[in-house]
Amino acid sequence: MIHREDRGSIAVLRIQTGKANALDTDFFDALEEQFEYLEISDHRAVVLTGTGSMFSAGVDLQRVLDGGVTYLRQFIPALSRGLKRLFSFPRPLVAAVNGHAIAGGCIVALACDRRVVSSGKAKLGVTELKVGVPFPVSAMEVLRFQLEDRAVQDLVYSGRLVGPEEAISMGLADEMAAPESVLDRATEVALELGAIPSSAFALTKRHLRAEVLDRIQQQELRLEDEIVHQWCDPKTMAAIRTFMQATVGKR
């Protein structure tokens, strides 16, 4: 699910949830377990990466269809908790975006402090509206934190995917490295950030992100029930099924 290996003082977490590295409740449970450990460990920083040519293709839509309402009422809160855990982690967290980072996968990368993206064919973007589902509050707020308003609207409304160069220009990524060097470069960035005294880094990061976390808490009180309701709506399920059938047809 999530494999951890140590590179000196840096913990490398590798997403391993199948071909697409899709996100589901099991993934977010494993993520929580890893970060509970990392918060009390001696690691100076963390690198999050994917497997093969995929960082993550986002939510496991087949599991959504199979599990229906019961599953979604567990999954949406789990997704939100996971994003908040990443976004508020007190130590440096760097995404080694080794390949495609789409929809929820892109948001997971954006929740990190820095993003090193693979050059070449990697695509990044947020396709939620193309699928027919609303953005959870935490996902939208993380997106808004990292990107300028015009870029947010462009990506959210169009659902288009962009290559590494455009991803950097829009703020989806910070720098690019060759596919074989992405993890090494992300580890270097993590080491640089990890050299900052940990208490000073944690306090500064908390200060930088406090408004966003407060806004997430307030907005979830008002909107989360409605968002879960829309995900559970039969029309949404039908839209997901149509999207998946069209996606399979393009393969």
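## Basis

The model is predicted: local features need pLDDT of at least 70, side-chain atom pairs count only at pLDDT 80 or more, and totals for chains, interfaces and linings use all residues. Residues are numbered from 1 along each chain as its sequence is written, and side-chain values use heavy atoms, with hydrogens and water left out.

## The six-stranded sheet

Six strands form an open sheet with mixed pairing, in the order β1-β2-β3-β5-β7-β9. β1 (2–7) and β9 (175–177) are the edges; each has a single partner strand, so one side of each lacks a neighbour in the sheet. Neighbouring strands are turned by 25 degrees against each other on average, direction ignored. Strands here are DSSP runs of E, at least two residues, and helices are runs of H or I, at least four residues, both numbered from the N terminus. Two strands pair if DSSP finds at least two bridges between them.

Strand β5 (residues 93–97) runs parallel to β7, and four bridges join them. V97 stands opposite V117 in β7. Helix α1 (residues 25–40) packs on this sheet and touches β1, β2 (10–15), β3 (45–49) and β5. The direction of α1 makes about 25 degrees with that of β1. Axes are lines fitted to C-alpha atoms, for helices over the stretch in contact, and angles run from 0 to 180 degrees between N-to-C directions. Contact means heavy atoms within 4.5 Å.

## The three-stranded sheet

Another open sheet has three strands in the order β4-β6-β8, with parallel pairing. Its edge strands, β4 (54–56) and β8 (124–125), each pair on one side only. Two bridges join β6 (residues 100–102) to β8. I102 has G125 in β8 as its bridge partner.

R114 sits in strand β7 (residues 114–118). R114 is partly exposed, at 27% relative accessible area. The classes are buried (under 20%), exposed (over 50%) and partly exposed in between, using a 1.4 Å probe and protein chains only. Beyond residues up to four places away in sequence, R114 touches L93, V94, A95, D174, E175, V189 and L193. The side chains of R114 and E175 make a polar contact of 3.3 Å. A polar contact is a pair of N or O atoms within 3.5 Å; within protein, one must be able to donate a hydrogen and the other to accept it, and residues adjacent in sequence count only if both atoms are side-chain atoms.

S138 lies in helix α5 (residues 137–146). S138 is buried, at 1% relative accessibility. Its side chain makes a polar contact of 3.4 Å with the side chain of S80. Leaving aside neighbours within four places in sequence, the contacts of S138 include L79, L83, I216 and E220.

## Pocket and cavity

The second largest pocket holds about 210 Å³ of space. Its lining includes P134, F135, M140, R144, Q219 and L223. α5 and α9 (198–232) each supply at least two lining residues. The largest share, five residues, comes from α9.

One cavity of 30 Å³ or more is found in the whole structure. I76, P136, V137, E220, E224 and I227 line the largest cavity. There too α9 gives the largest share, three residues.

On a 1 Å grid over the protein atoms alone, a cavity is a set of points where a 1.4 Å probe fits but cannot get out. A pocket is an open set with protein on both sides within 12 Å along at least five of seven lines; lining residues have an atom within 4 Å of a point. Grid points are joined across faces, edges and corners, and a volume is the space filled by probe spheres set on the points.
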